[in-house]
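Welcome! Take a look at the structure below, and then work through some exercises on charged side chains with us.

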Amino acid sequence: MKDAAADLAQDRSRLGRSSTAERVADILRDRIIEGLFKPGQRLSEESICEALGVSRNTLREAFRLLSHERLLDHRLNRGVFVRVLSAEDVADLYQVRRVIEGMAVRRKPTEQALRVIREAVADAERAAGDDDWQAVGTANIRFHQALVTLNDSPRLNEAMRQLLAELRLVFHVMENPRAFHEPFVARNHELLALIEAGEPDRAAAALDAYLDHAEQLLLHAYEPNR
């Protein structure tokens, strides 16, 4: 938790003078997406309050918000823990992703959205070259968040952000992050090329195959006798 607290201390400037539970929740959610907190990890109120310079009441309200987003669990007389997702959660997450992302890749992209998607693809390729597979996972999440912006819906963007935070917790079940993330670095590039070429039907088909493959890999990791 000490390393996490040191990283969180860098986020204090994001709170400004009027720190709120929503902003604290935003910071913690972002750090979950980045892989800083692991499933099953107990969160120390004292360490996080000290790192961010917020009160316990503010932090507890942030914890409550993230619990509603299914990212944290309150355990009676034990504290607050990062949620451990089940295989059923994985299947449901991918069902929702097929709907939201499937709609997105069928829409005509704006140049701004394409720029963000390209940046995420490039970041993943650089991280893979550096053998930093946690950073590859983070870039991959940014890639899919950027895809959803093609829907031009703030509500869908927010829903996807919460969904991808849950998904990052699922990634931790993979014992070999490189074996899981590496194939999707190239597939992200291929999907981007189809979107740029204005081929929405082929992009949607490629995305379906992409999500099917990722879901199968993750569900296999949950099999008790694998």
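This is a predicted model: local features need pLDDT of at least 70, side-chain atom pairs count only at pLDDT 80 or more; totals for chains, interfaces and linings use all residues.

Residues are numbered from 1 along each chain as its sequence is written, and side-chain values use heavy atoms, leaving out hydrogens and water.

**Exercise 1.** Find how many salt bridges the model has.

Solution. Start with the rule: a salt bridge is a side-chain nitrogen of Lys or Arg within 4 Å of a carboxyl oxygen of Asp or Glu. Applying this rule gives 22 salt bridges.

**Exercise 2.** Describe the pair aspartate 30 and arginine 161.

Solution. Begin with the distance: their side chains form a salt bridge at 2.5 Å, N to O. Next, locate them: aspartate 30 is in helix 2 (residues 21–33) and arginine 161 in helix 8 (residues 154–171), 131 residues apart. Helices here are DSSP runs of H or I with at least four residues, numbered from the N terminus. Then check burial: both residues are buried, meaning under 20% relative accessible area (1.4 Å probe, protein chains only). Finally, look around: Asp26, Arg29, Asp30, Glu69 and Arg161 are linked in a network of salt bridges.

**Exercise 3.** Explain why glutamate 61 counts as partly exposed.

Solution. Recall the cut-offs: exposed is over 50%, and partly exposed lies between that and the buried limit of under 20%. Glutamate 61 counts as partly exposed because its relative accessible area is 30%. Its salt-bridge partner is arginine 64, with the closest N and O atoms 2.5 Å apart.

Key. Helices (H or I, at least four residues) and strands (E, at least two) are DSSP runs, numbered from the N terminus.
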